[in-house]
Amino acid sequence: MTAQDRVLVDLTAATMDGPQPYGLIEDAAIAIAEGQIAWVGPRGDLPQGYRDLPAESLGQRLVTPGLIDCHTHIVHGGDRAREFEMRLEGASYEEIARAGGGIVSTVTATRAADEAELLADALRRVDVLIAEGVTAIEVKSGYGLDIETELRMLRTARAIGQQRPIRVSTTFLGAHAVPAEYAGRADAYIDDVCLPALRAAHAEGLVDAVDGFCEGIAFQPAQIARVFDLARELGLPVKLHAEQLSNLGGARLAASYGALSADHIEYLDESGVIAMDEAGSVAVLLPGAFYTLSETQAPPIDLLRRHGVPMALATDINPGSSPLNSLLLTLNMGCTLFRLTPEEALRGATQHAARALGLADCGMIRPGLRADLAVWDITHPAELAYRIGFNPLHSRIFGGQS
C-alpha cells in the first residue's frame with residue numbers, strides 16, 4: 001500500500017478496452033494501488049477488498065487512459081517560420097533550399113545547440129502536451145546527422161523524462177536525410193555516420209527503437225535494410241517513415257522486419273497493408289504533415305479497416321512539415337482530414353499508440369496496467385475530437401500520482 005492508493009469514483013470511464021464503444025463504463029470506479037490500475041468496473045461491483053481505500057470523487061467527469069504521442073521530432077534546434085512565410089510568398093522548395101532553408105537549416109541549428117538549449121526548447125513543447133493529458137511520448141533523433149549531435153539529441157530525449165512526469169520512448173533516426181557534406185553519397189553516410197552512431201547510442205543505452213525515412217528524397221529500401229539489419233543485431237525494434245510521398249515498398253520492407261509501425265503511409269497500397277497486417281505493425285497517421293504540406297492523397301483508411309490494421313494518431317511535432325504541438329487538435333484533424341471516427345481517433349492516441357511504441361503496460365484502463373489517466377471536464381469521449389482549440393483537461397494522473 002502507498003499514500004496514493006485510492007478509489008476514484010463519480011466518473012465515467014472510457015477504458016478503450018473491450019469491444020463496446022470506447023470501452024465505456026457509466027458510474028464507474030477505478031481502484032489504484034502501487035501506481036497501477038488494480039480494478040475498474042461499475043461502482044456497485046467494487047470488490048470488498050478495495051472499499052476500505054480512500055475514495056476520491058471526480059465529480060461525474062470522464063476518465064480516459066493518458067494520451068500517448070507516438071511520433072514526434074520534439075527535440076530540435078531553431079524553427080522554420082521564415083521558410084513558412086517564403087512558401088506563402090510563392091517561393092519554391094528549391095529556392096528555399098538555396099536560401100539555406102529546409103532540413104539543412106534545422107540540422108545547422110541543432111548542431112549549434114548544446115544539450116541544455118535543446119532540452120529547454122523541448123520542455124516548452126512537452127509542457128503543452130502534458131497540459132493536454134499526454135502521459136507518454138516518443139522522441140526521435142535525426143536532425144544531427146553526425147555522430148555527436150545524434151547522441152546529444154538522444155541524451156536530451158532521455159533528460160525530458162527526468163525533468164517532467166512523462167514517459168519517453170527514444171528512437172534513433174540517423175537515416176533521416178543525407179547531410180550536405182555527404183550529398184550524392186548516401187551509402188557512405190550510412191557507413192561513416194549512421195551505423196556507427198547507432199552502435200554508440202545503443203552502447204550508451206539511449207535507444208528504444210530504430211527508424212528511417214524511406215523515400216526518393218531520403219533513403220532507398222536497400223539502404224534502410226542495412227540500418228534495420230544492425231537494429232536486429234542489437235535487438236532493437238524498428239519502425240519506418242514510409243510511403244509519404246511515393247510508394248517505394250517501405251511498409252513491406254518494415255513489415256519483413258516485424259516493425260512496430262509504418263508511419264505517414266499516404267501512398268500505401270493493398271499489398272503493403274496486407275504485409276503490415278501479417279506482421280502486426282501499426283499504421284501511424286500524421287495529419288499535421290498532410291495539412292502543412294497541403295497534400296491531397298490521404299492514407300488508405302478503408303483498406304486499413306478492411307484488413308484490421310490498427311491505426312494510431314500522432315502530432316509528428318517537427319519544425320518543417322508538421323509544427324503541430326497539440327494532440328487534441330490531431331484527434332480532430334484525424335477525423336476531419338482522414339475521416340476517422342472519434343472512437344478510432346481516441347484509440348489511435350491511446351491503445352494503438354501504445355502498441356506503436358511496443359508498450360504493453362499502458363494505453364487502456366485495465367487491471368495490471370499503469371495508472372496513467374486523464375480526467376476531462378466532458379461527458380462523452382467524442383467531445384475530445386469534436387472541439388477545435390479547446391482543452392477540457394481537468395487533471396492528469398501519472399503512475400498513480402496526481
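This is a predicted model: local features need pLDDT of at least 70, side-chain atom pairs count only at pLDDT 80 or more; totals for chains, interfaces and linings use all residues.
**Entry 1: Glu215**

I looked up Glu215 to begin with. Glu215 sits in the loop between strand 8 (209-214) and helix 7 (221-234). Is Glu215 buried or exposed? Glu215 is buried, and it has no salt bridge. I checked for a partner. The nearest side chain of opposite charge is Arg252, 13 Å away. The Glu215 side chain makes a polar contact with the side chain of Ser246, at 2.3 Å. I then listed contacts, leaving aside neighbours within four places in sequence. Glu215 touches Gln220, Glu243, Gln244, Leu245, Ser246 and Leu248.

**Entry 2: the nonpolar patch**

Leu245 came up again here. Together with Ile217 and Leu293, Leu245 forms a nonpolar patch on the surface. I noted about 260 Å² of accessible area for the three together. Leu293 lies in the loop between helix 10 (287-292) and helix 11 (301-306). Its relative accessible area is 35%, so Leu293 is partly exposed.

**Entry 3: salt bridges**

How many salt bridges does the structure hold? I found 29. I opened three of them.

Arg164 and Asp127 pair through their side chains at 2.6 Å, N to O. Arg164 is in the loop between helix 5 (147-163) and strand 7 (167-175), and Asp127 is in helix 4 (residues 115-130), so the pair ties together parts 37 residues apart in sequence. Arg164 is partly exposed at 24% relative accessibility. Asp127 is partly exposed too, at 32%.

Lys239 and Glu138 form a salt bridge at 3.7 Å, N to O. Lys239 belongs to strand 9 (residues 239-242) and Glu138 to strand 6 (residues 134-140), so this bridge ties together parts 101 residues apart in sequence. I checked burial for both. Lys239 is buried, with a relative accessible area of 2%. Glu138 is buried at 0%.

Arg305 and Asp302 meet in a salt bridge at 3.2 Å, N to O. Both lie in helix 11, 3 residues apart, about one turn of the helix. Arg305 is partly exposed at 34% relative accessibility. Asp302 counts as exposed at 52%.

**Entry 4: a network**

Back at Glu215, I had noted a buried residue with no salt bridge. Glu138 is buried as well, but its side chain meets that of Lys239 in a salt bridge.

How values were computed:
Residues are numbered from 1 along each chain as its sequence is written. Side-chain values use heavy atoms; hydrogens and water are left out. Helices (H or I, at least four residues) and strands (E, at least two) are DSSP runs, numbered from the N terminus. Buried means under 20% relative accessible area, exposed over 50%, partly exposed in between (1.4 Å probe, protein chains only). Lys and Arg count as positive and Asp and Glu as negative; His and the chain ends are not counted. A salt bridge is a side-chain nitrogen of Lys or Arg within 4 Å of a carboxyl oxygen of Asp or Glu. A polar contact is a pair of N or O atoms within 3.5 Å; within protein, one must be able to donate a hydrogen and the other to accept it, and residues adjacent in sequence count only if both atoms are side-chain atoms. Contact means heavy atoms within 4.5 Å. Patches are made of residues with over 30% relative accessible area and no salt bridge: like charges are joined within 9 Å, nonpolar side chains (Val, Leu, Ile, Met, Phe, Trp, Tyr) within 5 Å. Accessible areas come from the Shrake-Rupley method with a 1.4 Å probe; for residues, only the protein chains shown count as cover.
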